Amino acid sequence: MTTRISQYEFENYILLPSERLLLQDKQPIPLKSKVFETLLTLVERHGQLLTKEELMDKIWCESFVEEGNLTQNIFILRKIFGEKLHDHRFIVTVPGQGYKFVAKVLKVSDNEPEKLESQNGYLTSGHIKSLAVLPLKFLLPNDTDKEHLGLAIADSLITQLNTNQAISIRPTDSVIKYAETLKDVITIGQELAVDNILSGTIQMSGDKVRANFQLHEVKTGDTVWASKIEARSTDFFELQDQIAKQTAIELASKLNNGLSFKNTPNNLDTYQTYIKYRFFWETRTEEGLLKSLNGAKEMVAAEPNFALGYTCLADSYLLLCHHLFLSPEIALPPIRQALDKALEIEPNLAEAYSTKADYCFITKDWLQAEELYQLAIKLKPNFASAPHWYSWFLTAMGRFDESLKQIEYAQMLDTNSLYLGVVRGVPLLYKREFEQAIKQFRMVLDVDPNYKRARYYLALSLFHAGEIEKGISEFEKVIVAEPIQQTMAMMGYCYGIAGQNSKAREMLRQIDDMARKRYVSPYMRAYIHLGLGETDKALTQLEKAFDANDIWLVWLKVDMQLELLHDEPRYKKLLQRLNFPASDH
C-alpha cells in the first residue's frame, strides 16, 4: 500500500498538506493558495534544485503568469521564515536557474496519527480543522443584478476568519468556482476536502439585507449551526463588512471548537462601532480621523478589555500626528498609553505591534521600530498595514528597493486599496524614477480623479522631473481641495524655486495665520524659506523642529526638497543628532 505523507516538519514548523496549513510553534500561519503550493512543492522535493519553469508549471499548471508571481511567493515565504539578506536557512536561490529548499525535513506518514494529534495541540477529535465558506446565493430572481454581493460577503468572511488564525480556511480562489454551481453543499465540501462547510442565502429589500447561514459537517451531512443576520445600509462595502463581521462573531460565540476570537468584543454593537470608525480612519482627513478618535474613546469606555479598541485609539492619534493635525506633544503620550493597554490585554496582537513600530519610527527609535515591524509581519503575515507602514520606514531610511517590496506585499493582501496604490509610487519617486512614479499616481487618479493624496504626489513627481509648471498646476488643484499646511508649504517651495516669490511669501503668510489657531510644523516653514533661497532661516526652522520633536524630521535624510542643504554644516549636525542607521542593505 502506498504511504501518504500527512505532515512535514522542519525546525519549529509543521506543514500539513491535506489541511493546506503551515504551523509555527503549533500556531497556524495563514497562506494564500499559491504561496502554500509554492512551499509544498519546495518541501516535497527538499534538497533538490527546482527550476523556475518546473515550479511555475506545477503551481499554475496551464495558466500563463509572469515570473514575478513566483518571485513574490518566494519573497513572502522568506518573510514568514524571518530570512534576511544572505541568510537562507530555508530557501536558496540559484541565480539564473531556480530555488532549493535546504532545511532538514522530517516526513510523517498516515500510520502515525498520534504524533499529529500531540504536536498540533488544537487539532483534537471533534474539533473543526478545516472550513470552506461558499458564496451566498440569492433567493429572489430580481436580486441577480447584485450577485457579486454574495461572493463579496464570503470573501470578507474568509478574510475575517483567517485573521483570527484558528483553523484552516479555504481561500476565496478555491470557492469562487462554486458561485454558480448547482452541486450539493456536502459534495462541494468533499471536493474541497474540508471538515465543515458554511453555506448561505441572501435576500435584499431596499437598503435591508437578510443573510441566512448554515454550517454543515461534511462527514455526516448534519447541519450543526444556523443563524440569520440582518443589516441595513445603502453602502455596498458597509453591508458586506457588517454581515461578515457579525457572522464571524456568532461563529466564535456559538461554536466552542477551534474558532477563537480574542480580539472581538462581547457586544456586537461595539464591533460595529469599531468597523464604522475604522472606515473614518481610512479617510485620513482631519474630520475622519477625529471621528475615529472619538469612536475609539467610546469603544474602550464601553468595553475596556477590547484590545483592538485601544489600537484604534492609538492609530487615530498616530495619523492625526502624521498628518500634522495634532502636535507631537499632544498626540504621543496617549499613543503609548493605548498601546501598553492593548498589549497588556493581548500580548501577541500584531495590530498593536505594527502601531508601536510606527510610534518608534516617529519618535526616532530606528532599531526598535524595524524589529517591531518585522515582528508584526511575522505574527500576522496577512495583515496589510504592517508591511505598508514598514514601507514608509524603509523609504525614510533610504532603502527604497526594500520599501517597494514591502508595499507590493501589502498590495497583495489588500488589493482594493487606492491608498496603497499611492504609496507604491513613493519609493519610485525617491529613487528618482519619475516616469514610473508619475505613471503610478496617474493610474490611481484614473480610478478616482478626486483622490487628493495621489494628486499631491503626482505634483511632486512632475516638479522634480523638471516639469515645474505642470507640478505647480497640480499642487494648485490639491490646495483648493485640501488647504492643509503640507500642501501650502510645498506650494510655497515650488513657487520660490520657480521664481514666483510673491506667491511663495503669500503661502508663508497663510501658514503664519494658521499657526495662530492650531499647530504648525517648523519643518513646513523650512520648505518655503528654502524655496525663497533663505538658507539660514530654513536651517533655523529645522533646528526648531528638532527641539519640538517634529515627526517630519524622519524624512531629513532623504527629503528631496532639502538637497540644497546637504553641504551645510548645520544640516550635517542635525543628521548626526538624529543618528540615522546606515542604509547599506
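The model is predicted: local features need pLDDT of at least 70, side-chain atom pairs count only at pLDDT 80 or more, and totals for chains, interfaces and linings use all residues. Residues are numbered from 1 along each chain as its sequence is written, and side-chain values use heavy atoms, with hydrogens and water left out.

**The chain as a whole**

- The protein chain holds 25 helices and 14 strands; helices (H or I, at least four residues) and strands (E, at least two) are DSSP runs numbered from the N terminus.
- Of its 585 residues, 55% count as buried, where buried means under 20% relative accessible area with a 1.4 Å probe, protein chains only.
- The accessible surface of the protein chain is about 26100 Å², and 49% of that belongs to carbon and sulfur atoms; such areas come from the Shrake-Rupley method with a 1.4 Å probe.
- Among contacts in the protein chain with a separation of 6 or more, 58% are between residues 24 or more positions apart; contact means heavy atoms within 4.5 Å.

- Three strands form an open sheet in the order β5-β7-β6, with antiparallel pairing; two strands pair if DSSP finds at least two bridges between them.
- β5 (49–51) and β6 (91–94) are the edge strands, each pairing on one side only.
- On average, neighbouring strands of this sheet are turned by 30° against each other, direction ignored.
- Four bridges join β6 to β7 (residues 98–101) in the antiparallel sense, and T93 has Y99 in β7 as its bridge partner.
- Helix α1 (residues 33–44) packs on the sheet and touches β5, β6 and β7, with its direction at about 65° to that of β7.
- Helix α2 (residues 52–60) lies across β5 and β7 and runs at about 75° to β5.

**A hairpin**

- β13 (residues 208–217) and β14 (residues 223–232) pair in the antiparallel sense over nine bridges.
- H216 has T223 in β14 as its bridge partner.
- Five residues lie between the two strands of this hairpin, and G221 takes a positive phi near 80°.

**Helix pairs**

- Two packed helices are described by the angle between their axes and the distance between the axes.
- Axes are lines fitted to C-alpha atoms, for helices over the stretch in contact, and angles run from 0 to 180 degrees between N-to-C directions.
- The axes of α17 (residues 418–430) and α19 (residues 452–464) come within 9 Å and cross at roughly 15°, so α17 and α19 are roughly parallel (angles under 35 degrees).
- α17 passes α19 in a left-handed crossing, meaning that the near helix is turned anticlockwise from the far one by less than a right angle.
- Residues making this contact include Y419 and V422 of α17 and Y457 and L460 of α19.
- α22 (residues 501–515) and α23 (residues 522–531) have axes that come within 10 Å and cross at roughly 165°, so α22 and α23 are roughly antiparallel (over 145 degrees).
- The crossing of α22 and α23 is left-handed, and among the residues that meet are M507 and I511 in α22 and M524 and I528 in α23.
- α14 (residues 366–379) and α15 (residues 385–396) pack at about 155° with their axes 9 Å apart, and are therefore roughly antiparallel.
- The crossing of α14 and α15 is left-handed, and the residues that meet include W366 and Y373 in α14 and W389 and F393 in α15.

Key:
Buried < 20%, exposed > 50% of the residue type's maximum accessible area, 1.4 Å probe, protein only. Parallel < 35°, antiparallel > 145°, perpendicular 65-115°, else oblique.
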